[in-house]
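Reader: Hello! Could you pick one part of this model, look at it closely, and then show me how it fits with the rest?

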Amino acid sequence: MSYAGLALLVLAAAAAACVGIARVAALPRRWWCSTALVALALVVLTAVFDSLMIAADLFRYDSSALSGIRVLLVPVEDFAWPLVAVLLLPALWELLGRGRGARDEERDR
């Protein structure tokens, strides 16, 4: 399996889980806006710091398994992992009730 295939598979599963959790937890629009801003920040940071690590030759990719599309020095497939994290982790946090105290206070106002 190529890196892109694996990345798309995991990203699709994380997005589906996030949407499902958002419906169950009734997440507000503000949550989605915050998530989008964090995703943007992580994509920018990934582009910068992965490029630095690739330039320093800290790791290499099997070029036959890459799509060939790059942002700076970073293969586009690398951007899936921070997006999976930004979708799945906050959604699971909400589902498991960690953020419930703050949401309940907001609703009581």
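Author: Happy to! Let's take helix α3: its 16 residues, at 1.5 Å a residue, should span 22 Å, and its end C-alpha atoms are 22 Å apart, which agrees. The expected span here is 1.5 Å times one less than the number of residues. Helices are DSSP runs of H or I with at least four residues, strands are runs of E with at least two, and both are numbered from the N terminus.

A word on the basis: this is a predicted model, where local features need pLDDT of at least 70 and side-chain atom pairs count only at pLDDT 80 or more, while totals for chains, interfaces and linings use all residues. Residues are numbered from 1 along each chain as its sequence is written, and side-chain values use heavy atoms, with hydrogens and water left out.

Back to α3. Its buried residues are A80, P82, V84, V86, L87, A91 and E94; buried means under 20% relative accessible area, exposed over 50%, and partly exposed in between, with a 1.4 Å probe and protein chains only. An α-helix has 3.6 residues a turn, so residues three or four places apart point the same way. L89 also lies in this helix, which covers residues 80–95, but L89 is exposed, at 56% relative accessible area. After the helix comes G97, with a positive phi near 90°.

L89 also leads us elsewhere in the fold: L89 and C18 are 71 residues apart in sequence, yet their C-alpha atoms are 8.9 Å apart in space. C18 is buried, with a relative accessible area of 1%, whereas C33 is partly exposed at 45%. A disulfide is a pair of cysteine sulfur atoms within 2.5 Å, and by that rule there are zero disulfides.

Now for the aromatic rings. The structure holds three aromatic pairs. In one of them, W31 and W32 sit edge-to-face, 4.9 Å centre to centre with 90° between the planes. Rings of Phe, Tyr and Trp (its six-membered ring) pair if their centres lie within 6.5 Å; planes under 30 degrees apart count as stacked, over 60 as edge-to-face and the rest as tilted. W31 is buried at 11% relative accessibility, while W32 is partly exposed at 33%. F59 and Y61 make another edge-to-face pair, at 5.6 Å and 85°. Ring pairs link Y3 with F59 and Y61 into a cluster.
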